[in-house]
Every structure is written in structure tokens, then in C-alpha cells.
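Hi,

Here is the structure I promised to pass on. Have a look at it first, then read my notes below.

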Amino acid sequence: MADRRRSWWGWGWEDEALSAEQVSALGAAVAARLGSSDVSAKPAPSLSSLDLPPSRLTPPPALAEICAVDVEARASHTYGKSYRDVARAFSGNVQHPPDVVARPRDEVDVIHLLDWCSDANAAAVPYGAGSSVVGGVECDVGSSFAGAVSIDLSGLDRVLEVDPVSRAARIQAGARGPVLEDQLRPHGYTLRHFPQSFEFSTLGGWIATRSGGHYASLYTHIDDFVESLRVVTPGGIVESRRLPGSGAGPSPDRMFIGSEGILGVITEAWMRVQDRVRFKSSAGVHFGSFLDGARAVRAVSQAGLFPTNCRLLDPGEAMLSAGVSDGSALLVLGFESADHPVDPWMARAVELCSDFGGTAPDGIRSSSSASNEGAVGAWKNAFVRAPYGRDALVSLGVIVDTFETAVTWDRFEDLHTGVTTAVEKALASVCGGGWLTCRFTHVYPDGPAPYFSFLAPGREGSQLSQWAELKEAAADALLAFGGTITHHHAVGRDHRPWYDRQRPEGFARALAAAKSALDPAGILNPGVLIDPRSAP
């Protein structure tokens, strides 16, 4: 593992990227799909080709050992991993790199770093593993700061304590998904929070962005697992009490969950963990249409069955991700338990689906490998590998992105129709065509979380402006038809205009007041969630 290198400009490990042959084959497939005659790949950029501005900050001697100003450190911490981020980095357009990348070894280092940033008038941008897809870690902080410091928490990656009686664990915020799972496994526990970014995201990042994880129902967000938090702010340390629940006023944990680094740096958390799964059951249920599947999913979600997986793919998504070629929509359905067999729950869910024309041609699989075969297994493999394919598409000059939302069931069909119409119109106008698909990632008794993906031909040198027009059309439509601007991708910088329209004005003032109390100098992640301080 020590010999593997992360891609500085794209997703994941360099040695996991698509080969030249795979990229060529992907280009031919995309060209055929989009009706384009020229979809050819450009070479990836090299670090030596970058011309970064010199660092404007000099760390104090006491912090110099944990600070870096080399090109690789600064370039790799400039962007997250959205389409816009990857496209800019791939073209060598590395704007607003951090002046310093700091890697604290412990909480004391975090305290000293925030003290230095406050004294030096430097913006401080918390950084987990860099998988933000909304501009949440970008150091585009404006001209009122002397510089910007990216505070990389990856050195705080330990499970510090396990409470087997309460079934909880105290975990440092910089632990990536595989790292914390490896440490919980000997105790027989798991956090069971598996976002698509699992391998390259951290506990602190999950909490700060209200990450959505593996569970399609019931335990959908990281919120459900947080027992207490410890946060370093410029105004001091805030630590909440460990409790299973409390009615004592507004929750201090809830103030920091989803705060996206503007209030403090999360350094550790007590998390509710679970026994490791022993029983699994999965099925791929086919429907004649996406709306038939949606009605079945509503019945399942309102029946109190709480499936672990309940991802409905429209026919385009089912063909692309699961190899379903008969025009069916596909419901990837799964149940899991550490305590008991789940076959009765699965049987009832499939029975409910049959009321809406659903069939399970591959049957029900119940085993430890239940989700690794058939259309369900094909979908899972495609899901894990998707970000590497996205990077290859960027190299081919193709515009590819996702946007997600949540909406109540009574408004879903109108939203699906309205958003589809608006985005397909924008694809035709901006790109001359394209491909739009939809799936559900999470479902609730009162509504689903639809997740849209689009693919479109780009014009050389204009892909980012084209993307911006498509993004605006999609985001406007989400709000117009009653959805949220984001269900689990967070706000960052990319969603600010629509977040400002969605949130209540009184809440915006309260959030600004909280930031003023905890971060008087306004150094933490300026511009995210609320406006940065004004220039002096």
C-alpha cells in the first residue's frame, strides 16, 4: 500500500485507472452512443508541467515539520473530485492552490494551526481525503486573506477506544473508511457506513458533509451514527456529552454535522457501531417502467421493512450499470442482519413489488455473497468503478456529471418529468444532445432520493462553460419542482446560489451568528454555506 500513489488530478489510485486500451474502447462506445465521430483521449497532465504561484505564507518554526509547500502537496489539495474539479486539473488549470498543506499529528497540532492562521490572517480549509464533489475543499477564499492553509486530517486516523457495553467507538476524524473498518473488525464491529467514496473519504468528512452511506432506508446518513463530537474551533474546544438521545435544547452535535468546516475542525467522534453482518439476501426486480418501479418502492418503504439496499435504476441506468438489455427498470433490493435470517423480509418485499408488475427472474439469493451475482453484482461492480470511468471520460473531452435530490412522494412524478424535460432541453441546446438517466439511492416512507446522471459531447475548450449551463438548468429545476439542492453531496461552493434560495432567512442569520461566536476572525472555509467576511 505504501508504494501506491494517489492521482493528484483525478480519482483514487493511479494503478487503478483505466488502461489506454480501455479508454479507447470507452471512447468508441461513447461516440456511438452520442453520435459523435471524434472522441479521442488526451494524455494526463504531469506535475512538472504545472506553474503554481509561490506560497504567500511561511509557517512558524514550531509548525514547519508538519507543513508542506511542494508542488505535489499543493496541487493535490487544490480541488476535490467533481467533474469541474477533475476537468480543470486535467487541463493543468490549477487555480487557487493552498499556500501551505498542513498535516497535523494530533489535536494539539490542530489547535496550534488555527492559532497561527488567526494570527497570520490565513484562511483555514479542513481537508479529509479530498473526495468533495461540490467545491467544499477548494481554497478560493477571496482577496481579504494573506493566504490559505489546507489542513489535512489524514494523520488522525485511529480508533482510540471501544465501548462494547454501549456498542460505540471513539474514532479520530481523519480515519478513511477502510482504515477505521480494519480497526473495528478485530472487535467484531463495523460502522456500516459505505458511501461510494468510502475508500477515499474520512469520518470527519462524512460528519462535516452529512454523508449518505450504504443503507437505502432507516440509517441513511452519518447523522444516525454520531453519539458525540469533539471539535476544535478558533474560540476553543467544543465537546458534546455521550448520550443515546437527549431533549436538552437544540443538539450541539447537529450544529456541527453538516457544517462543512465553517465552524470548527472535527477531531474525533464517538460513533454507534454495529455487529458485523452475518445474513444477507438480495434480488434484482425488473419492472416495465421506472414509474411502476417507483410505486413499488413507495409500497416497500412504507411497509416498515427497511431494506438495506433499495436502488431503483431506470432502463438507461439499468442497461449502463447492470447489463439489463430488455428495456426494464431494475430494483436492486437487499436485506442484511447480524442477528437473524432476513428471508421473510425479502419475500414480503418481492411480493409487494409483484403488485406493480415486478418480477425477479434471477430469483432471491441468500448467502454471504448474495449481492455479488447477476444484475445486482454487475451493478455493484460498476458502482465501485464508476469514478475511474468518469476520469477517462474527462480525458476524452466528454461532459459527465451527476446531481441528486430528495422530494416527497406526492411531488416525485412531477419532479421526475420536470427535471428530465429541463435537462434534456439543456443538453440539446448546449451540447447538441446527450444522455440522461435516473436512479434512487435512498428511500423514505415520505419520499425518494432521485439521483440523475448525464453524459454529453463537449466542445474543445468549452466543456466547463457547457457544464455550468447544464448545472444551472438542473439545479433550477430541482428547486422549482419541490426538491432539495442536495440529498447527500453537501453544499460547498458549487451549490451556494441554490442553497441560499432553499434555506430560511432566519436560519441563515442564526448560522452566521454561530460562526461569529466560534470563528471570530472568519478564517474557517470562507465562502462555504455563508458569505465570507468583507475585505478590510
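**What I found**

Let's begin with strand β3, which is mostly covered: 6 of its 6 residues are buried. Buried here means under 20% relative accessible area, with exposed being over 50% and partly exposed in between (1.4 Å probe, protein chains only). Helices (H or I, at least four residues) and strands (E, at least two) are DSSP runs, numbered from the N terminus.

Before going further, a word on the source: this is a predicted model, where local features need pLDDT of at least 70 and side-chain atom pairs count only at pLDDT 80 or more, while totals for chains, interfaces and linings use all residues. Residues are numbered from 1 along each chain as its sequence is written, and side-chain values use heavy atoms, leaving out hydrogens and water.

Back to β3. Ala122, Ala124 and Pro126 point one way from the strand, Ala123, Val125 and Tyr127 point the other way, and all are buried. The neighbour, β4 (residues 147-152), pairs with β3 in the parallel sense over 6 bridges; two strands count as paired if DSSP finds at least two bridges between them.

The buried residues of α8 are Phe290, Gly293, Ala294, Ala296, Val297, Val300 and Ser301. They cover an arc of only 165 degrees around the axis, which puts them on the same side of α8; the arc is that of the directions from the helix axis to the C-beta atoms.

Helix α13 (residues 463-480) has 18 residues and reaches 26 Å from its first C-alpha to its last, close to the 26 Å expected at 1.5 Å a residue. The expected span is 1.5 Å times one less than the number of residues. Its buried residues, including Trp467 and Leu470, pack against α3 (83-90), β16 (398-404), α12, β18 (447-457) and α14 (496-502). Just after α13, Gly482 takes a positive phi of about 90 degrees.

Which residues touch the most other members of the largest nonpolar core? Of its 71 residues, they are Leu331, Leu333, Phe403 and Phe440. A nonpolar core is a set of buried Ala, Val, Leu, Ile, Met, Phe, Trp, Tyr and Cys residues joined through side-chain atoms within 4.5 Å. Helix α12 (residues 409-431) gives the largest share of this core, 9 residues. Apart from it lies another core, of 36 residues, among them Ala173, Trp206, Phe225 and Tyr499.

Cheers

Methods
Contact means heavy atoms within 4.5 Å.
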